[in-house]
Structures are given as C-alpha cells and as structure tokens.
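Please look through the model shown here.

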Amino acid sequence: MSTHHPSHRQPALVGWVVLGGAAGTAVRLAAEAQLPRPADLPLPTLLVNLAGALVLGALLEGLARRGADAGRRRGVRLLVGTGFCGGLTTYSTLAVEVDLLLAGRPLAGVGYALVTVLLGLAAAAAGVAAAASWSRSTGARP
Amino acid sequence: MSAVVVLLTVLAGGLGAGARFVVDGALRARWRTSLPVATTVINTTGSFGLGLLVGLALAHASPGAEAAQVVLGTGFLGGYTTFSTASVEVVALLREGRRGAAGLHAATMLGGSALAAAAGLAVGTALG
C-alpha cells in the first residue's frame, strides 16, 4: 500500500474506521433500546457518551506512550478509537435531545447539556490518567 | 424495530464513521488552525442533519419516516458525529495549559451543535 497518501485516503485504513464505527453504532443502538430513561431524560445517550470518552482518553494515551502512531498502533487507534468510540458516541443526538428538552423543560435541557459536557471531560481525563498510571507501572516508555 | 432496520442502521453507522474520518482528514489538510475546528464542523453539520430528519419525522409521522430517521439519523449521523473525540480534544488543550482555547472549543461545539440542530428542526418541521 502507498504510504505517501494521507491516512484518510487509504482505503484499508478507512475500512478499519468503518468496521469499528459499525460495532460502536450497534452497541449505541442496543443501549438506546435497553437502558432506562428516568423522568424521560436521555440517560442512554449520556452513558454511551461517557463510556466512549473514557475509553478514547485511555486508548490514545496508552498508544502514545507505547510509540509512534504507525503500523499496528495506528490500526488499533483507527479501529477502536476513531471507529468504535466515535460510532459509540454521538454529538448529533445530544444536540437534538438538548433542543427537545429545552422546548418543554428548559432547566432539564441546560442541565443535561452541561452535565454531559463536564462529565465527558472528567471521563476523558480519567481515561488518560488511568492509561498513564498503567504505563508507568508496567514500565512502558513515557 | 425490524432486523433489516437494525442491520441497515449498524451499516450506516460504520459509513458515517468512515465519512467522519475522510472529512476530518481533508479539513485538517486544508486548514492549519490552532483549534481542532474539523470536529466542530463535523458535529455542527451532523447536528443540523439530525435536526432536519427529526423535524421531518415529527411533522410527517409514518413508519417509513421513522425507519429513515433511525437508519440515517441514529445510524449515519450518529456514526458521523462524535462526542468522545470532542471531549479528548478539550482535555488535550487543558493539558497544554490552553484553558481559554479549551473553554472556547467546548462552548462552540455545544452551542454550535445545539443551534444547528434547532435550525434543522425548524427547517424540517416547515418542510414536513
């Protein structure tokens, strides 16, 4: 395969993203169908978004500490990170849910939006910290 | 939800993720910005699209419209937009000590996506 094309123009790499994205979408679809919506709040979207932010933070930090973004590491990043975590999480559903809540229950809409974004940052940061601590304890390169 | 709709939704989610990867790469190659605006563009355009689909489905309720909303909305646009990358990008800006940029990135992402989705909902409802 040509290596001087940027990665987004290499069909095999796009394929890893599509595969991971389909798997992430399947999990999100199952979560939206199975998880409860207490007080008609979009808990399923919140949970998949937080889970994806946590996993992506840990994955990118863990991979970066193991070496350059190439070969198998890049494949894992595209399949699990860009693909799975990106397909599992969604910003469009978050935005529409916020708007629909704002129309009837403004406080719930603002609360849902802020809680999602702030907990998302905490989850991503926790993932980064967990991967950093794991890498140190296993002696991986910093 | 029928098995066919589930299968098409999962497939569309994969294609949406692939589209995000290609659009992100193309935008990053063209725009050299200090803020990761490619993700903002992806999430706001995807939010407008989902608002449009939901608006159309609300105004024009039918089993076909509902299936289209699930496959194109939950599937394609759900896979196209991403919350995980948005969160990790803000954390990366914070780790670089760029608090203002981090706040700006998070705020434009949330505000821009909510406004775009509201515009989509309004257009979809008007067209429906």
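Ala39(A) lies in the loop between α1 (11-34) and α2 (43-66) of chain A; helices (H or I, at least four residues) and strands (E, at least two) are DSSP runs, numbered from the N terminus. This is a predicted model, in which local features need pLDDT of at least 70, side-chain atom pairs count only at pLDDT 80 or more, and totals for chains, interfaces and linings use all residues. Residues are numbered from 1 along each chain as its sequence is written, while chains are lettered from A and ligands numbered from 1 in the order in which they are written.

Most residues other than glycine have a negative phi.

Ala39(A) is exposed because it has 7 other C-beta atoms within 10 Å. Asp40(A) counts as exposed because it has 10 C-beta neighbours inside 10 Å.

Chain A as a whole has five helices and zero strands. Its C-alpha trace spans about 50 × 35 × 25 Å along its principal axes. Of the 142 residues in chain A, 47% are buried. Two residues are in contact if their C-beta atoms, placed from the backbone, lie within 7 Å. Among contacts in chain A between residues at least 6 apart in sequence, 73% join residues at least 24 apart.

Helix α5 of chain A covers residues 106-137. Its 32 residues should span 46 Å at 1.5 Å a residue, and its end C-alpha atoms are 46 Å apart, so the two agree; the expected span is 1.5 Å times one less than the number of residues. Buried residues in α5(A) include Tyr112(A), Leu121(A), Ala124(A) and Val128(A). The cover over the buried residues of α5(A) includes α2 and α4 (92-104) of chain A, together with α4 and α5 of chain B.

A nonpolar core is a set of buried Ala, Val, Leu, Ile, Met, Phe, Trp, Tyr and Cys residues joined through C-beta atoms within 7 Å. The largest one has 72 residues, and those with the most contacts inside it are Ala53(A), Leu56(A), Ala95(A), Ala124(A) and Ala117(B). Not counting residues up to four places away in sequence, Ala95(A) touches Ser47(B), Ser113(B), Ala114(B), Ala116(B) and Ala117(B).

Between the chains, 47 residues of chain B are in contact with 44 residues of chain A. On the side of chain B that touches chain A, α1(B) gives the most, with 17 residues. By class, that side has 24 nonpolar, 21 polar and two charged residues; Ala, Val, Leu, Ile, Met, Phe, Trp, Tyr, Cys and Pro count as nonpolar, Asp, Glu, Lys and Arg as charged, and the others, Gly among them, as polar.

The predictor's confidence in each residue is its pLDDT, from 0 to 100. Chain A averages 94, and 94% of the residues score at least 70. Chain B averages 95, with 100% of the residues at 70 or above. For the complex, the predictor gives an ipTM of 0.96 and a pTM of 0.95.

Conventions. Buried ≥ 20, exposed ≤ 12 C-beta atoms within 10 Å, placed from the backbone.
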